[in-house]
Amino acid sequence: MNDIPIYINGLGIVSPQKTADDNRFLEEPLSCLTNHLRCIEPVYKDFIPSDMIRRMGRIIKMSIAASKFCLSDAAKNSRESITTGIVPEAIITGTGLGCIEDTEKFLTSMIRDNEEFLTPTSFIQSTHNTVAGQIALLLKCHGYNFTFVHRGISFESAMIDALTQIQAGELSNALVGGSDELTANSFAITTRLGFWKQKPVQSLDILDDKQRGTIAGEGASFLFLTNEKHEHTYARLTGVTAFLRPLSHSELRDKLHKFLATFGLIPNDISLVILGLNGDQRNDQVYKNLLETDFQNTLPACFKHLCGEYHTASSFATWLAARVIREQSVPAVVRFGLRQPPAKLDHVLIYNHFRDNNHAFILLNRP
Amino acid sequence: MSKRVYITGIGIICAIGNNVTETLRSLLTEKSGIGDITLFNTIHKGIIPVAEVKMTTGSLLEATNNKGRKNLTRTALLGMIAAREAVESAGIHDIGAYKTGLINATTVGGMDRSEDFYASFLSDPGKGRLIDIVNHDCGDSTERVASYLGIRDFVTTISTACSSSVNAIMFGSNLIKTGQLDRAVVGGNDSLTKFTLNGFNTLMILDKTGCHPFDENRAGLTLGEGAAFLVLESEDVVKKECKAILAEVSGYGNANDAFHQTASSPEGTGAFMAMSKALTMSRVRTDEIDYINVHGTGTQNNDLSEGLAIERLFGDKVPLFSSTKGYTGHTLGASGAVEAVISVLTIQNQVIFPCLNFFKPMKELHIQPVQDVTKNIKIRNILSNSFGFGGNNSAVVITVNSE
C-alpha cells in the first residue's frame, strides 16, 4: 500500500530549542543544568485572540502555534495557497497525557473546594481532543478530526492514520502533530516514580550521565502531509510502524528488517538512523544493541538531549529528520560517534521507544 | 479502500447488563439502568442520578481472574469484560492466528484512581499511593485489555470525547480495508468518576430527573459508564473461516463542527457532514436507512442541533429513531461502541428499542422518537451517531449482511 508517495511539505515546531528560526538549523543548541526542559514559547498574540491566550493551557497554545507555523510554511511552498492560507483536509493529533495542566487545575479545585464553586473552563479544556478541536475551530476546518492518546506511540498512530487515508485516496492532505506539556505536578509525580535523573545534568551531556533516569521534556511539532510534491518539499514520509515491547532482540531485528523490506531497503541502505537515546542506561541499551547488530555502517544521531523525554518526543525527531533531508546536512549537535555523514542523505530512519514499552520506526526518504 | 469489513463478535457491559444477553433483555423490557450514585462519595449523591454498571470494582476483579491485584483501574476492568465477550462471541480461539489489532477509546482513562491519589498528593506532594496514579493515561486500559486478550500486532487508543469509540470503529475498519490488519477488536471503555460528574455539572447539563432525550422538557444528560467492543474482520478472514456474520460496517464519516469547544452549532453542520459522509461511503440512500440510533444525550443543545441536522438530511422522510441513553446513560468514550452493539442487536432481533422518558415532542422539530418496542419492520441499515466536545462528530452505518 505504498504506491502513492506522501510528502512532508510543511513543518512547525515549538520546542526547548531555538527551532523557530528557519534559517538556522540547531546551530546554537541550548544546554542547561537541569533534569527537565521547557519549551521556548513564541509570542502568541499574533495568532491567538488575547482573551483566549489567558484561558488556554500551554499545550493548546504551543500546539496552535506549531500548527500555524506548519501551515504557513506549507503555504510558502505552494504557490496557489500563499495568499489564501491552507486549510487542511484533516487534523490528526497525538498526545500522551493531553491537557494535563487543565486536568490538574480542575482536579485541584474539585478537591480543595469539596466539589463546590467549580467553573467549567478547565474541565472543558481538559479533554484530550482540545488541541485538535481548537485548531479546527481557529481554521474553520470541518474535515476529519482525530486525536490519538496512546502513550509513546500517540504521534505515530496519528501518522499511520494520515498515511492510511492519503494512500487510500480518502484524503489528499493532512495536518498531523504531536504535543505534550510538562507541569510542575506531573514532573513531581514522575520524579517520585523514578523517571528522571535525581541530580541536574548539563542537558547536552545526558547520554554520558551514569545516573538512572533521563530528563523530562515537552514540545509540539506539526507536519503538513500531502500527496503533492513541490520544489521545497522536505521529505517523503515513506512508512511508520508501531509495536509493543519486542520479546527479544531478535524479534526487534525481525521487525526492523521486515519494515525496511516493505520499501525494498535493508539497514545498510539507511543514511542516518535517529535514535531515542535518553541517557537512561537501561533504556539506551536497546538502541545500542541495534546499532551494533544492524547499523554498524550507518551514521547515528540522537535528539532527546535537545527536547527531553516525553510521550510524543518522536515528533521532534520527525521534524529533525525532515530538515536533515531537505538541507542534506546533519547538525553536529545530534551526531555521535566517529563516523562522517555520507555524501547523500537519502533514507533517514527514526527508531524510538518510550520506556521500552511502545516502540516505533519512522522512515523518511529524499523526495 | 473497497474491501468490506464485517462484525463477527460483540461484547458489552453497561448499566443495564453485564453482558450482551442481559443488555438485550433490559432493552426489550424497557428497563433503565439509571439510579443513585453508589460508587464514590460525592456531594451530588442522591441529587444527580447516574447509570452505574451494577458490579463493584472488587467483583470486576474477580470476574476477570484478577482478584487481589491492585494495579487495575475500573476503566480497564470494564474493558476486559466487554472485549473478552466480543472475542468469545466471534469464536476466536487463537488471537494470534491472524494479524489482529486493538483500537480502544476512552476519555477518562485511569481517572477513577488518579482522583484518589490527587487528594493525598495535594495535601503533601510526597503523599498519595503511586499505584493509584501510574495508570492515569488513556493508553493504560488499552494495554491492559490487549494483554488480557493476547493482542500484540497493533494497539492504540483514541480520545475524541463522546465520539471516541465510533472513531475506533472507523480507524479499525480503515486498517482492515488497507490490509494492515486482518481483524480488529474495536470499542471503548470509560468508568464513572467524580471528575467527569463535576465537570459536566459545571456546564449545568446534568438532568436531575434522568435524561429525556428529544423531549421538549429535557434538562440535560445522565452520565453512565461501561465498555463495549466489536470484533471486525476482513472479507478474506470471514470467508476462510466460514465465520457467522452479525452485520457489516458499511460506512462511516467524521467531521468537525468547528463552531465551539463544547456546544454544537445551532444547525448541526458537523453532524450533517458526518452523517452525509457515512451514507456516501455505505452507498445507502437516505430512504434506505431504516433506523437511526441518535446521539440524543438529552441536552437542549445536542438534541436540537442533531434533530435539525437529521431533518435537513432526510427531509420529510426521517427514519424511525431513538436514543438508548435513557437505558445506559451517556457512557462518553464508550458510547459509540455501546450504541454500535445495540445497533447490531437491533439488526439481529429486528426490533427497535424505544426512547425512554419521552413525553412531549420538541417544538422546533417535526419529528419524535420511537416510544414503544417496535417489531415487524424490516431493518437493513442503521445509522448511529456520536458527537462530542471539540466539535468531533462521527457517524457509522451498520448494515445487515446481504450474503
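Q: Where do the domain bounds come from?
A: Domain bounds come from an automatic or database domain assignment. On that basis chain B is divided into domain 1 (5-240) and domain 2 (252-399).

Q: What kind of model is this, and how are residues and chains labelled?
A: This is a predicted model, in which local features need pLDDT of at least 70, side-chain atom pairs count only at pLDDT 80 or more, and totals for chains, interfaces and linings use all residues. Residues are numbered from 1 along each chain as its sequence is written, while chains are lettered from A and ligands numbered from 1 in the order in which they are written.

Q: What are the confidence scores?
A: The model scores ipTM 0.98 and pTM 0.98. Chain B averages a pLDDT (the predictor's confidence in each residue, from 0 to 100) of 97, and 99% of its residues score at least 70.

Q: Back to chain B, how far apart are the centres of its two domains?
A: The centres of domain 1 of chain B and domain 2 of chain B are separated by 21 Å, taken over C-alpha atoms. The contact between them takes 60 residues from domain 1 of chain B and 53 residues from domain 2 of chain B; two residues are in contact if their C-beta atoms, placed from the backbone, lie within 7 Å.

Q: Which elements of domain 1 of chain B touch domain 2 of chain B?
A: Those that give two or more residues are strand S1 (5-14), helix H1 (20-28), helix H6 (164-177), strand S4 (183-190) and strand S5 (226-234) of chain B. Helices (H or I, at least four residues) and strands (E, at least two) are DSSP runs, numbered from the N terminus. H6(B) gives the most to this side, with eight residues.

Q: And by class, what is that side made of?
A: The side of domain 1 of chain B that touches domain 2 of chain B has 30 nonpolar, 23 polar and seven charged residues. Here Ala, Val, Leu, Ile, Met, Phe, Trp, Tyr, Cys and Pro count as nonpolar, Asp, Glu, Lys and Arg as charged, and the others, Gly among them, as polar.

Q: What about the domains of chain A?
A: Chain A is divided into domain 1 (7-226) and domain 2 (239-365), with 22 Å between their centres, taken over C-alpha atoms. In chain A, 45 residues of domain 1 are in contact with 36 residues of domain 2.

Q: Which element gives the most to the domain 1 side in chain A?
A: H6(A) gives the most to the side of domain 1 of chain A that touches domain 2 of chain A, with seven residues. By class, this side has 20 nonpolar, 18 polar and seven charged residues.

Q: How many residues does each chain bring to the contact between chain A and chain B?
A: The contact takes 50 residues from chain A and 51 residues from chain B. Helix H3 (100-112), helix H4 (121-126) and helix H5 (130-139) of chain A are among the elements that each supply at least two residues of the chain A side. That side divides into 25 nonpolar, 18 polar and seven charged residues.

Q: Why is chain B described as compact?
A: The radius of gyration of chain B is 20 Å, close to the 22 Å that the globule rule gives for 403 residues, so chain B is as compact as a globular protein of that length. The radius is taken over C-alpha atoms, and the globule rule is 2.2 Å times the number of residues to the power 0.38.

Q: How much of each chain is buried?
A: Of the 367 residues of chain A, 58% count as buried, and in chain B buried residues make up 65% of the 403 residues. A residue is buried if 20 or more other C-beta atoms lie within 10 Å of its own, exposed if 12 or fewer, and partly exposed in between, with C-beta atoms placed from the backbone.

Q: Is Pro42(A) buried, exposed or partly exposed, and what does it touch?
A: Pro42(A) is partly exposed, because 16 other C-beta atoms lie within 10 Å. Pro42(A) is found in the loop between strand S2 (33-34) and helix H1 (50-55) of chain A. Not counting residues up to four places away in sequence, Pro42(A) touches Val14(A), Ala20(A) and Ala65(A).

Q: And what does Val341(B) touch?
A: Val341(B) touches Ile10(B), Ile12(B), Ala228(B) and Leu230(B), again not counting residues up to four places away in sequence.
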